[in-house]
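This report goes through the chain from its overall form to one annotated position. Please look over the sequence and the model before reading on.

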Amino acid sequence: MYMMKDITRDGDPVLRKIAQSVQFPLSDEDKQLAHDMMEYLINSQNLEFAQKHHLRAGVGLAAPQVGISEKMAAVLVPDDRPNAEQDYLLKITLINPVIISNSVQKAQLAEGEGCLSVDKDVPGYVPRSARITIRYQDFDGNTQTMRVKNYPAIVCQHEIDHLNGHLFYDHINQAEPFKATENTIIIS
Ligand code: UDB
Ligand code: ZN
């Protein structure tokens, strides 16, 4: 089971590497990795468990964040509708994901972004695509295509960035962190 101590922090070179493609059939190690990454997200979103073990509630986790330079990421976006306890808007393991198309329209979180691997706050808008199409492989190695928009799309872009050595603050406008940009949805 992954805990906060297992999460690699900014400054660790693994976070700046381009991760290796995952080979199929999946090795037992890779199956375990996929399981453990999703388990971290589920546990971290359990208020009681998270408080007890000091976990930050995660919506996404990429393999380099647990020290493994492979193109695998888990995404677990909770459904925030009032009666949707334990329901997820998006629960998926992305293997070898590639963004194959981006909308012209941009989207950014009103509060900016954070990262499980970045302990400090870096304020500023992180411009993303409002809608993306992702090609990835599932556990059986079959190629899948998925369209996502808005918040789930932002999480997917953040995680796919990790697989290519990018961190959210790379995208922040240094001179004017909260500069308004045209044609951009602000998600709050
Ligand atoms: C997160 N969590 O997991 F709306 F239940 C962030 C951290 C850095 C604050 C832990 C988050 O946004 N949690 C959240 C939000 C909700 C409801 C809820 C939990 N990440 C993932 C990450 O670092 N992956 O590498 C940062 C997000 C910022 C934008 C997208 C990912
Ligand atoms: Zn991150």
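## Overall form

What radius of gyration does the chain of 188 residues have, and what would a compact globule have? In this predicted model, the chain has a radius of gyration of 16 Å, which agrees with the value near 16 Å that a compact globule with 188 residues would have. The C-alpha trace spans about 45 × 40 × 40 Å along its principal axes.

Of the 188 residues, 49% count as buried. Among contacts with a separation of 6 or more, 71% are accounted for by residues 24 or more positions apart.

## Secondary structure

The chain holds three helices and eight strands, and their order along the sequence follows the pattern α-α-β-β-β-β-β-β-β-α-β.

## Surface and charge

The side chains include 18 positive and 25 negative ones, with the centres of the two sets lying 5 Å apart.

## The annotated glutamate

An unreviewed UniProt entry carries the annotation "active site" for Glu159, a residue that is found in helix α3, which covers residues 150-163. Is Glu159 buried or exposed? Because its relative accessible area is 3%, Glu159 counts as buried, the cut-off being under 20%.

Leaving aside residues up to four places away in sequence, Glu159 touches Gly60, Leu61, Ala62 and Gln65, and also Ala73, Ala74 and Val75.

Terms used:
Residues are numbered from 1 along each chain as its sequence is written. Chains are lettered from A and ligands numbered from 1 in the order in which they are written. This is a predicted model: local features need pLDDT of at least 70, side-chain atom pairs count only at pLDDT 80 or more; totals for chains, interfaces and linings use all residues. Side-chain values use heavy atoms; hydrogens and water are left out. Helices (H or I, at least four residues) and strands (E, at least two) are DSSP runs, numbered from the N terminus. The radius of gyration is taken over C-alpha atoms; the globule rule is 2.2 Å times the number of residues to the power 0.38. Buried means under 20% relative accessible area, exposed over 50%, partly exposed in between (1.4 Å probe, protein chains only). Contact means heavy atoms within 4.5 Å. Lys and Arg count as positive and Asp and Glu as negative; His and the chain ends are not counted. The place of a charge is taken as NZ of Lys, CZ of Arg, CG of Asp or CD of Glu. UniProt positions are given in the numbering used here, feature names are shortened, and annotations may be inferred rather than shown by experiment.
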